[in-house]
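Hi there,

Here is the structure I promised to pass on. Have a look at it first, and then read my notes below.

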Amino acid sequence: MHVETIPADSHDVIAVRGARVNNLKNVDVDLPKRRLTVFTGLSGSGKSSLVFGTVAAESQRLINETYSSFVQGFMPTLARPDVDVLDGITTAILVDQERIGGNPRSTVGTITDAHAMLRILFSRLASPHIGGPNAYSFNVPSVTGSGALKVGNKKAEKTTFTRTGGMCPRCEGMGTVADMDRTALYDDTKSLNEGALTIPGYSADGWYGRIFAGAGFFDPDKPIKDFTAGELDDLLHKEPTKIKVDGINLTYEGLIPRIQKSMLSKDIDAVQPHIRAFIERAVTQSACPECGGTRLAEPARTSTIDGVSIADVAAMPITDLAEWIRGVADPGVAPLVETLSATLDSFVEIGLGYLALERPTGTLSGGEGQRVKMIRHLGSSLTDVTYVFDEPTVGLHPHDISRMNDLLLRLRDKGNTVLVVEHKPEVIAIADHVVDLGPGAGSGGGEVCYEGDVAGLERADTVTGRHLHDRAALKPQVRTPSGVLEVRGAATNNLHDVDVDIPLGVLVAVTGVAGSGKSSLIHGSVSGGDGVVAIDQTAIRGSRRSNPATYTGLLDPIRKAFAKANGVKPALFSANSEGACPVCKGAGVIYTDLVTMAGVAAPCDECDGQRFRPDVLEYRLAGGDPGEGTAASLNIAEVLALPVAQAREFFSTGEARTPAAAKILDRLADVGLGYLTLGQPLTTLSGGERQRLKLATAMADKADVYVLDEPTTGLHLADVDQLLAMLDRLVDAGKSVIVIEHHQAVMAHADWLIDLGPGAGVDGGKVVFTGTPADLVAQPSTVTGEHLAAYVG
């Protein structure tokens with residue numbers, strides 16, 4: 001059949017002209033549709049700014065604008081990206097690396113809707129029948145109520161109301177109960193008036209202290225150890241009771257219920273650091289004795305299909321659950337079983353068959369979280385969609401990368417445009433089109449250095465082209481350990497009573513496929529020990545007022561240096577304190593909220609976006625010239641605009657000489673962040689940059705053992721060498737470094753390998769190899785060994 005060509009067929013590219021988001025320098029680029037395009041370049045070169053900040057952001061904004069203004073009022077308002085022309089964009093679906101919310105009630109089952117489907121299944125088929133789907137939900141409590149119901153002018157009738165929920169009444173659907181360590185709540189040798197309470201915010205002269213001292217249930221001058229049983233119960237457990245203190249009506253409540261409501265109901269990651277430290281010290285979590293950690297009430301636990309309860313089903317590995325679901329042969333629920341099977345098969349296909357639906361989302365690694373998000377799109381019949389991926393191979397063993405590549409190609413072959421930000425050569429190799437950004441990072445990046453196919457990239461004289469075939473060699477000799485850290489009987493998550501000796505004073509790499517138990521072993525048995533600093537993959541929490549200078553503590557010595565040189569107080573040199581511009585309150589921009597339209601941020605006229613009062617900008621500090629080698633004199637705004645590398649020069653000589661600041665700047669340069677400006681908002685940093693910022697900050701802690709969880713995330717091939725050099729410096733300084741890692745360059749460079757496996761989930765959790773990388777390559781007995789041997793050639 002002859003198909004006539006029409007103008008619509010000519011829109012085969014997404015055309016970007018004049019993109020200036022973040023550090024992009026008027027970028028022009030044509031991205032072919034229905035092809036797989038990989039974006040490469042150093043961390044901070046502008047890849048995410050182009051893909052997420054420009055193309056995907058505009059697509060989302062245009063889609064949101066198709067809804068009525070009423071609906072838009074409930075949606076995030078997005079500003080138009082700073083770009084001249086964006087032509088030919090299609091609907092974008094983002095699969096990014098933002099961690100899935102750590103809400104304690106969120107599980108793998110709830111976030112993928114698999115649990116919702118199971119609840120419907122059980123409400124139809126389980127016996128004894130206990131109610132609708134809510135009766136199997138651990139987020140819905142059972143409630144009863146009674147009262148008079150009056151409709152119009154009719155006589156009021158007495159009525160009762162009941163709702164059956166599946167929530168365990170003891171733990172309120174959390175699965176764990178918190179036990180308080182009383183010694184962390186108070187010092188029993190003191191009285192209340194002497195400051196016996198050791199809870200943050202409960203000092204004797206503070207508000208809570210006055211309530212407890214004036215409640216009248218016990219003598220505030222009597223040491224707590226002399227309290228009677230009744231007085232101690234009133235202090236710790238008393239129900240809410242109305243009291244009067246200093247003529248004010250208040251509600252008194254025992255310490256334990258009050259702390260549970262004010263501190264323990266919040267997400268642990270969202271509370272302030274000093275409260276988090278208190279919670280970790282005072283609270284021990286144990287499985288709820290009533291529901292056994294299943295989160296469910298008695299009826300939901302005992303209502304079964306063929307003897308299997310919904311709690312049993314949620315605890316099964318998804319591979320086993322998929323088998324079980326296929327055995328449910330009731331024609332009344334056939335459509336439900338079909339949809340549920342497809343969802344579970346997607347889990348298995350993407351390599352997450354080892355997870356259970358009851359697994360809390362907060363415990364998933366970055367790579368697992370990203371793949372859980374992909375599940376929704378795998379079976380989708382949508383085509384001509386733009387899928388945008390941010391390093392989909394994070395957290396994947398080399399063994400699993402080919403599986404991820406197959407998925408990306410499958411999405412493309414269905415007629416979709418696939419855009420991938422990636423550093424791994426194995427993924428770059430399958431691209432139809434490559435866009436390489438650079439030449440450097442930060443202000444030194446933001447330009448397109450190469451555009452074309454992979455063969456052309458291999459010949460191109462760009463940082464990525466030169467490093468594409470880099471292969472780390474095995475070390476000729478490895479260091480000798482100074483001792484060992486004994487781990488005995490480790491049984492966290494899927495570990496099978498693991499005994500292993502971790503050598504100290506050397507670089508140890510812990511390897512294995514995703515889900516083999518690496519994080520369970522290290523975070524479960526090593527992190528949290530004395531002298532151990534663990535740098536995990538959790539996101540940095542910071543507002544648009546936070547920047548590298550505030551996050552690392554660098555601003556304190558800088559403020560003191562300015563204050564000393566000018567004879568004024570340090571608070572003037574903080575844009576969040578007395579030095580803030582009065583018009584924009586130190587934000588540097590004025591935000592105008594336009595309700596359903598995107599808000600507008602305009603630079604503040606008063607301070608010109610510099611964030612400080614005009615009189616504060618008069619104060620200057622003289623130091624080494626960041627550029628020329630002679631003395632330079634800068635104000636606080638100019639100092640915050642310096643890149644790390646130049647700020648090091650400035651704070652090394654003259655009146656600006658500040659060893660405390662130079663030390664922090666050295667660490668930032670060590671982790672490869674020499675190009676970041678001190679005042680750049682944290683919200684504009686890429687994922688790799690944030691992780692390295694955490695790393696630089698943690699280096700300040702006086703620790704003996706450093707635990708790093710995939711530090712190569714977001715790192716370009718060229719930066720991996722720099723990271724390895726930094727780890728070497730740490731080890732050579734007498735520290736022990738333990739790295740959980742999938743990158744073969746790190747494995748090859750390690751002194752000792754601990755390989756877990758052989759598979760994932762129930763098939764993992766055992767140590768399958770310990771020894772030097774050379775031993776593993778000589779006799780590759782494990783999956784890791786095979787890939788490492790192939791890598792070092």
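**A buried glutamate**

Let's start with Glu391, which is buried, its relative accessible area being 10%. Keep in mind as you read that this is a predicted model. You'll find Glu391 in the loop between strand 14 (386-390) and helix 14 (398-413). Its side chain reaches the backbone nitrogen of Gly714 at 3.1 Å. What else does Glu391 touch, leaving out residues up to four places away in sequence? The list is Gln97, Gln370, Val421, Glu422, His423, Thr713 and Gly714.

**A buried aspartate**

Next, go to Asp436, in strand 16 (residues 433-438). Asp436 is buried but has no salt bridge. Where is the nearest side chain of opposite charge? That is Lys47, 8.0 Å away, and a salt bridge would need the charged atoms within 4 Å. What Asp436 does have is a polar contact, side chain to side chain, with Thr40 at 2.8 Å. Beyond its sequence neighbours up to four places away, Asp436 also touches other residues, including Gly41, Tyr450 and Leu457.

In soluble globular proteins, nonpolar side chains tend to end up buried together. Here, the largest nonpolar core has 75 residues, and Ile558, Ile636, Phe651 and Leu678 have the most contacts inside it. Helix 25 (residues 717-732) gives the largest share of this core, eight residues. Apart from that core lies another one, of 71 residues, with Leu121, Ala135, Met374 and Leu396 among them.

**Aromatic rings**

The count of aromatic pairs comes to 10. One of them is Phe122 with Tyr136, a tilted pair at 5.9 Å centre to centre and 50 degrees between the planes. Phe122 belongs to helix 4 (residues 114-125), while Tyr136 sits in the loop between helix 4 and strand 6 (143-149), so the pair ties together parts that are 14 residues apart in sequence. Are these two buried or exposed? Both Phe122 and Tyr136 are buried. Also look for Phe217, Phe218, Phe227 and Tyr252, which make up one aromatic cluster.

Cheers

Definitions and conventions:
Residues numbered from 1 in each chain as written. Predicted model: local features only at pLDDT ≥ 70, side-chain atom pairs only at ≥ 80, totals over all residues. Heavy atoms only, no water. Helix = DSSP H or I, 4+ residues; strand = E, 2+ residues; numbered from the N terminus. Buried < 20%, exposed > 50% of the residue type's maximum accessible area, 1.4 Å probe, protein only. Lys, Arg positive; Asp, Glu negative; His and termini not counted. Polar contact = N/O pair within 3.5 Å; in protein donor to acceptor, adjacent residues only side chain to side chain. Contact = heavy atoms within 4.5 Å. Core = buried A, V, L, I, M, F, W, Y, C linked by side-chain atoms within 4.5 Å. Phe/Tyr/Trp six-rings, centres within 6.5 Å; stacked < 30°, edge-to-face > 60°.
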